[in-house]
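I opened the file to see how the chains meet. My notes follow in the order I looked things up.

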Protein chains: 2
Amino acid sequence: MKRKSITAGLLSLGLPLAMAVSGIGTAAAQDHPELTGDDLERANTIYFQRCAGCHGTLRRGATGPDLLPETSKDLGQRRLERIIALGTEGGMNNFDGILDEEEITLIATYIQMEPVEPPEMSIAEMKDRWTVFVQPEDLPTEPQHDRNWENFFVTILRDAGQMGIIDGDTKEVVSKVDTGYAVHVAKESSDGRFWYTMGRDGRLSKIDLWMDPPQVTAEVWIAYDARDVAVSHYGEWQDKYVIGGGYWPPHFVITDADTLEPLKVVSTRGYNTDGEYVHEARVAALYNTPGAPTFLVNVKETGQIWQVDYSDIDNLRVEMIESKEFLHDGFFDRTGRYFQIAANFSHHMVFVDTHTRKRVGMLNTGEIPHPGPGANWDDPECGPVAGTVHLGEGRMTAWGNDPEGHPDRAWQTCFSVETDGPGLFLRTHPNSPHVWMDQTMHPEPDVNQWVMVMNKQTRELTPVQVTDLPAEYDAVATHMEYNQAGDEVWVSVWARGRGHLEAGEIVVFDDKTKEEKARIKGLETPTGKFNVYNRKKHIG
Amino acid sequence: MKRKSITAGLLSLGLPLAMAVSGIGTAAAQDHPELTGDDLERANTIYFQRCAGCHGTLRRGATGPDLLPETSKDLGQRRLERIIALGTEGGMNNFDGILDEEEITLIATYIQMEPVEPPEMSIAEMKDRWTVFVQPEDLPTEPQHDRNWENFFVTILRDAGQMGIIDGDTKEVVSKVDTGYAVHVAKESSDGRFWYTMGRDGRLSKIDLWMDPPQVTAEVWIAYDARDVAVSHYGEWQDKYVIGGGYWPPHFVITDADTLEPLKVVSTRGYNTDGEYVHEARVAALYNTPGAPTFLVNVKETGQIWQVDYSDIDNLRVEMIESKEFLHDGFFDRTGRYFQIAANFSHHMVFVDTHTRKRVGMLNTGEIPHPGPGANWDDPECGPVAGTVHLGEGRMTAWGNDPEGHPDRAWQTCFSVETDGPGLFLRTHPNSPHVWMDQTMHPEPDVNQWVMVMNKQTRELTPVQVTDLPAEYDAVATHMEYNQAGDEVWVSVWARGRGHLEAGEIVVFDDKTKEEKARIKGLETPTGKFNVYNRKKHIG
């Protein structure tokens with residue numbers, strides 16, 4: 001299991017949860033629930049991997065409720081175990097297929113203990129955790145292989161802590177490179193050659209696709225818990241800076257894009273839209289803006305979108321744009337001017353004009369919008385539109401996003417279509433007549449192994465099944481990406497069943513016929529896939 | 001004594017220091033030093049009033065060293081008492097004349113106890129502590145008295161928690177109004193009618209000079225510990241917003257200038273110039289910029305000067321300008337374009353171009369510069385210059401501040417003159433041939449009861465004694481302000497001797513002859529004085 005080494009990695013970084021919680025005892029219902037030694041270490045790791053995302057590192061609550069001893073001790077060991085195993089109506093996942101009984105017992109005890117605040121991280125500490133494997137001057141000056149690297153799919157292998165580099169022409173896995181754990185997204189240099197990934201463990205990696213095989217050339221830890229990364233693409237700052245965002249500590253770090261040397265750190269702690277101080281104000285998502293020398297830093301718990309100007313980082317201009325909680329994932333319109341992001345638990349999409357650096361709209365789209373990489377296309381009625389699926393309901397909502405050409409439609413719902421279940425991702429391509437969307441969050445395989453394909457002209461949905469998934473795989477289909485030509489759609493399959501993680505795969509569909517065309521096997525939890533050409537050209 | 005009521009005020013505001021530290025015991029040297037009840041309450045109040053400014057609310061150190069149990073317990077009760085009573089070579093004041101023996105004992109014990117973090121303060125909590133005494137529509141439409149209110153001196157009566165309103169023509173005390181404790185500065189509306197003060201206790205007050213007598217029309221607590229306030233003066237936002245800055249919580253709050261309703265709160269927690277996180281990143285000083293719709297927010301511990309644009313507070317633009325620690329007090333050049341602020345314990349003045357919103361210079365001026373309201377004048381050699389006295393040495397340093405007309409002199413030392421002792425304030429007026437400076441920080445009355453008067457043309461210093469100060473007053477001269485005409489200089493006298501606080505006074509000198517002209521008595525610790533006309537016209 002990879003998880004073992006991840007725990008060791010966290011501890012070697014000084015994550016102090018294990019060390020700081022003292023006391024003796026074993027996992028059991030008691031007045032002073034305590035864990036020590038290996039049990040505490042395992043509980044820390046499970047909490048970090050499975051729980052902190054929604055409930056917060058400090059357990060003060062975020063998109064999920066707080067898990068502080070005041071409340072959790074009242075519920076008691078047995079009730080907590082049931083909640084963890086079975087989930088709740090309020091949106092909590094069931095973990096009975098993910099954690100075993102012993103792990104559920106551990107976590108139920110753990111969340112009755114006093115939470116411990118992890119340490120801060122200074123620039124000096126980041127530099128101690130910074131390695132350049134290949135100096136910039138030693139990098140190759142041309143590709144070292146003959147592959148069509150612009151049609152590579154840079155693929156997150158979530159639970160393996162790796163990125164799979166897959167040849168889109170031959171469907172071969174070119175290499176798997178070690179990165180941080182559970183990478184959320186990967187972002188490209190402007191020529192598509194270098195890819196930057198942020199692990200959930202705060203490990204920022206730089207990958208060179210020209211090397212044979214592609215490999216990591218530098219890495220730095222900029223936080224203990226993190227999600228996203230972005231690269232400066234504007235004007236003279238093209239490929240000069242990389243920004244990484246921390247969940248803990250809640251800050252962003254601007255690094256040199258060549259070496260990943262950390263240059264600047266800025267705290268995102270602040271006040272939410274109710275004017276309450278948030279100590280754990282996490283950086284959810286980061287983007288470069290195509291039309292300005294700025295990054296967008298989206299702070300989940302405060303609902304603040306910070307447009308951070310990188311043209312002078314010693315006199316750092318920041319537009320602190322107010323919106324709604326909890327900011328999650330966003331994407332640009334087709335012009336690259338307007339940014340569209342989900343304030344997911346407020347059920348809104350928020351729209352920012354990155355030229356004026358101001359908010360221009362907010363739209364209630366339905367329960368918990370989640371666009372992932374998003375999709376932009378032309379609707380016959382509304383003109384340019386974009387859409388999102390929802391975590392909270394089986395629905396895709398599309399809104400107008402052309403304020404110049406269709407001002408009455410801009411930032412208003414154009415239409416919505418019902419799917420069979422809540423999903424995570426949708427995707428399209430200008431060469432395709434379709435928008436593909438998943439139904440990942442539905443509990444039943446009869447739904448979550450199907451994806452929906454919408455005709456852009458008729459808005460009609462066609463369900464497409466991912467077949468040949470043995471029941472013991474407990475498989476789910478998630479995330480779509482087009483190839484360079486826009487005539488194939490790649491769908492990820494997670495084999496979540498215990499002992500079958502390595503059986504994950506990518507199923508390649510012909511976009512026109514919706515027939516399966518190829519299958520790439522032996523991938524542990526393949527998730528986000530990034531086609532080099534489409535991403536560097538901002539296609540979709 | 002006023003202090004009693006201040007303690008009660010703090011506690012009624014929920015300052016939790018007293019409540020949160022538990023245990024029993026009395027003031028004494030022991031392994032676990034403890035204070036309870038009245039002793040703890042007194043120690044809290046003394047620490048807040050006398051110690052927190054330099055050592056921090058969290059006692060983690062700021063311009064003074066940390067006072068955490070790890071170090072203070074090693075020193076022990078007796079040694080701590082001696083340090084508090086006698087001061088140190090490193091710059092710590094001696095408190096033997098300020099605190100009695102019992103108070104010194106209390107504080108020596110208190111600083112061996114674990115510090116307790118005070119609570120945050122939300123917008124809702126500020127609104128609970130917000131009172132409008134006179135609704136804006138009920139305010140008079142013309143002055144209700146015949147006094148020449150433009151020559152009023154709005155005067156801080158520091159330890160009384162009051163502002164004295166003094167008629168500059170008649171030298172009468174028109175009224176004393178209750179404000180926050182130990183107001184640091186007062187800032188004016190653009191017509192000079194309204195004055196805004198920030199108490200050290202976080203109490204922001206608005207005073208109307210047109211009422212008879214002048215009185216407080218609204219107040220709001222925006223922090224538990226605070227220093228400064230500023231008013232928006234630019235363009236269409238003239239007199240629209242008032243900003244207050246917190247030491248604890250470390251944030252700034254933008255309020256409606258009419259009613260003081262809190263509208264927006266922004267955290268200033270962040271990273272210092274070494275890239276280390278600062279949890280207590282205190283807002284030291286606030287200014288409106290004459291040439292842009294912005295406030296300057298100076299964060300002491302991070303060395304960050306934030307130029308905060310108030311033209312759209314929902315999409316709040318902030319320039320985070322890096323400089324040096326620890327930012328303290330600043331002033332503009334005569335054009336109002338360039339801002340000049342002391343990074344005092346880095347021994348630098350820092351210069352910001354508020355048009356480009358960037359730092360343009362930094363100058364090592366000598367030990368711990370402290371300009372207070374500052375002074376700008378024409379030097380025969382260097383052209384336009386500004387100057388500062390120093391907390392750390394008897395010196396006034398002047399630098400060129402005309403980058404257009406005298407680019408080679410700009411932000412460089414023009415000259416410096418030695419005085420007899422370290423001081424806090426200097427001041428001049430365009431109608432005056434002089435720059436006056438105090439020597440407040442010298443320990444000897446033979447020096448600190450004298451002020452220095454410099455001839456702008458010859459740079460020669462003439463010492464001027466404030467006479468007739470009985471020895472038991474333990475008096476010190478501090479802070480100068482010119483009258484409207486620029487032919488009088490008002491010097492404050494603190495009567496620090498125990499039981500004589502009420503004997504403080506203001507001594508008025510003829511600027512030309514340097515002879516005493518009048519004396520205004522019965523003022524408790526008069527400190528900063530703000531001549532309405534000079535301040536609203538930015539004269540000096």
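**Strand pairing across the contact.** I began with A:L316 and asked which residue is its bridge partner in β18(B). The partner is B:M320. I then looked at the whole strand pair. β18(A) and β18(B), the latter covering residues 315–322, run antiparallel. Seven bridges join them. I note here that this is a predicted model.

**Extent of the contact.** Next I looked up how many residues take part. Chain A gives 34 residues and chain B gives 34 residues. The buried area between the two chains is about 2,500 Å². Carbon and sulfur atoms give 52% of that area. I then asked which three residues of chain A supply more of its buried area than any other three. They are A:Y271, A:N315 and A:M320, with 26% of what chain A buries against chain B.

I looked up the polar side of the contact. Between chain A and chain B, 17 residue pairs are in polar contact, counting pairs with both residues at pLDDT 80 or more. I listed the elements of chain A that give two or more residues to the side touching chain B. They are β12 (262–267), β13 (270–271), β17 (304–309), β18 (315–322) and β22 (358–364). Of the elements, β18(A) gives the most, with eight residues. By class, I find 13 nonpolar, eight polar and 13 charged residues on this side of chain A.

I also looked up the salt bridges between the chains. There are four between chain A and chain B. One I noted is A:K264 with B:E322. Their closest N and O atoms are 2.5 Å apart.

**Salt bridges over all chains.** I widened the search beyond the interface. The count over all chains is 68 salt bridges. One of them is A:E172 with A:R147, where the closest N and O atoms are 3.0 Å apart. A:E172 lies in the loop between β3 (162–167) and β4 (173–178) of chain A. A:R147 lies in the loop between β1 (130–132) and β2 (152–157) of that chain. The pair therefore ties together parts that are 25 residues apart in sequence.

Last, I looked at the backbone angles. Most peptide bonds are trans, and most residues other than glycine have a negative phi. I noted some exceptions.

- The peptide bond from A:E325 to A:F326 is cis, with omega near -5 degrees. A:F326 sits in the loop between β18 and β19 (327–332) of chain A.
- B:D212 and B:P213 are joined by a cis peptide bond, with omega about -5 degrees. I find B:P213 in the loop between β7 (203–208) and β8 (215–221) of chain B.
- A:H538 is not a glycine, yet has a positive phi of about 55 degrees. A:H538 is in the segment after α8 (532–536) of chain A.

Technical notes:
Residues are numbered from 1 along each chain as its sequence is written. Chains are lettered from A and ligands numbered from 1 in the order in which they are written. This is a predicted model: local features need pLDDT of at least 70, side-chain atom pairs count only at pLDDT 80 or more; totals for chains, interfaces and linings use all residues. Side-chain values use heavy atoms; hydrogens and water are left out. Contact means heavy atoms within 4.5 Å. Buried area is the accessible area (1.4 Å probe) that two parts lose on being put together, summed over both. A salt bridge is a side-chain nitrogen of Lys or Arg within 4 Å of a carboxyl oxygen of Asp or Glu. A polar contact is a pair of N or O atoms within 3.5 Å; within protein, one must be able to donate a hydrogen and the other to accept it, and residues adjacent in sequence count only if both atoms are side-chain atoms. Helices (H or I, at least four residues) and strands (E, at least two) are DSSP runs, numbered from the N terminus. Ala, Val, Leu, Ile, Met, Phe, Trp, Tyr, Cys and Pro count as nonpolar, Asp, Glu, Lys and Arg as charged, and the others, Gly among them, as polar. Two strands pair if DSSP finds at least two bridges between them.
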